[in-house]
Amino acid sequence: MTTLLPVHTAAAPRARRLPSTGALPAALTDAFARPMRDLRISVTDRCNFRCVYCMPKSVFGRGYAFLDRDELLTFDEITRIAGVAVAHGVHKLRLTGGEPLLRRGIEELIERLAALRTPDGEPVEIALTTNGSALAVKAAALKAAGLTRVTVSLDSLDDAVFQSMNDVRFPVDRVLAGMQAAHDAGLGPVKVNMVVKRGLNDHEVLPMARHFKDSPFTLRFIEYMDVGTSNGWRLDEVVPSAEIVELIGAELSLEPIGAAAPGETAARWRYVDGGGEIGVISSVTNAFCGTCNRARISTEGRLFTCLFASEGHDLRALLRGGVDDEALAAAMGSIWGARDDRYSEVRATLTPELRAARPKPEMSYLGG
Ligand code: SAM
Ligand code: SF4
Ligand code: SF4
């Protein structure tokens, strides 16, 4: 007999039972006592944008081999993994990709995830990160399906700059309309993610700050990261968060505020005059591995314990081999228990050659 917690879902799939693999604690912790609280699920490796820092056209061109449909986790499989994670301490699920709104029937998946309950009987938070291109059309249906809130990526308000970054001539206005639709549908507070790359859009930091101050949208600046191997990352193209805070603070007074939740990625600053807040995500200059509570499921079902992990653990093979929830939980527990990742903390000690030689999954496959 084990003390495993049941997976609480409206429609838990039945599975063949394997021999018992031992009891697991209610909450999973890793080698540094970090809990698994946040599960990010990549629902597609495809995207309709070709952001230069994520899916450059030179790599993700016409001939690029995206995953076949039968390689993707099915909604049943995603729901089972999420259900086990929620039974063992995960409070937040984030759907991402690639562009998650390209996954056909995403509303149905959200409905199923929204039926999950924590061991205390609480619903989980279901968030989604999107480029916003389909939000104007989909926001109301996503809300009706049970989505809690959205984060929208937007790197500039200037059409020429934005289009040069998304590289598919997608106009700013349509993303802004999507954000407004999400807000109107009740998917707020909508967060806006801006990746800042020196020489490309750093001159847009202040216009973005001015635009979103005194608005219902919370702007967050993300340091350009060395995810994957295709974006040709260079340290001198990273704009440190401290520089961004100083730049904005010189015109619009800011003061720091505490984290809203444990393990939050963004350091928060508020406008002294009450005009709202901004966040800075300093993955390069001020790593936050010490509180990192995020697990990731890649598009074809590999569990990654870090955005920079060289390998993921194949949960899809377990699922398709007929594993039951108990053995799935034991597998996830032992993977998380062995976790000792802290790449962003050690990045600075690696030479550019060592960094380049290290295999790293692309963000579009792993999920941002
Ligand atoms: N397509 C969706 C979107 O763009 O919001 C979701 C997936 S995207 C990979 C998730 C987040 O990762 C986005 O906010 C994106 O800006 C960010 N991102 C992608 N590549 C990045 C990089 N090299 N450095 C920092 N952030 C990056
Ligand atoms: Fe697509 Fe998002 Fe990557 Fe841009 S950041 S290419 S929108 S997955
Ligand atoms: Fe978490 Fe890895 Fe990022 Fe550190 S580098 S914050 S461990 S995902």
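This is a predicted model: local features need pLDDT of at least 70, side-chain atom pairs count only at pLDDT 80 or more; totals for chains, interfaces and linings use all residues.
Residues are numbered from 1 along each chain as its sequence is written, chains are lettered from A and ligands numbered from 1 in the order in which they are written, and side-chain values use heavy atoms, with hydrogens and water left out.

**Aromatic pairs**

- The structure holds eight aromatic pairs; rings of Phe, Tyr and Trp (its six-membered ring) pair if their centres lie within 6.5 Å, and planes under 30 degrees apart count as stacked, over 60 as edge-to-face and the rest as tilted.
- One of them joins F49 and F170 in a tilted arrangement, 5.1 Å centre to centre with 45° between the planes.
- F49 sits in the loop between β1 (38-42) and α1 (75-87) and F170 in the loop between α4 and α5, so their pair ties together parts that are 121 residues apart in sequence.
- Y64 and F66 make an edge-to-face pair, with 4.7 Å centre to centre and 65° between the planes.
- Y64 counts as partly exposed at 31% relative accessibility, whereas F66 counts as buried at 15%.
- F49, F162 and F170 are linked into a cluster by ring pairs.

**Helix α4**

- In α4 (residues 159-166), the residues V161, F162, M165 and N166 are buried; helices (H or I, at least four residues) and strands (E, at least two) are DSSP runs, numbered from the N terminus.
- Seen down the axis of α4, these buried residues fall within an arc of 120°, so they line one face of the helix; the arc is that of the directions from the helix axis to the C-beta atoms.
- The cover over the buried residues of α4 includes α5 (172-185) and β5 (191-196), with contact meaning heavy atoms within 4.5 Å.
- After α4 comes D167, whose phi is positive, near 60°.

**Around ligand 3**

- The residues around ligand 3 are F288, C289, C292, R294, R296, C306, L307, F308, R339, D341, Y343 and S344, each with a heavy atom within 4 Å of the ligand.
- At least two residues of this shell come from β10 (294-297), and at least two from α10 (343-346).
- The shell divides into seven nonpolar, one polar and four charged residues; Ala, Val, Leu, Ile, Met, Phe, Trp, Tyr, Cys and Pro count as nonpolar, Asp, Glu, Lys and Arg as charged, and the others, Gly among them, as polar.

Notes. Buried means under 20% relative accessible area, exposed over 50%, partly exposed in between (1.4 Å probe, protein chains only).
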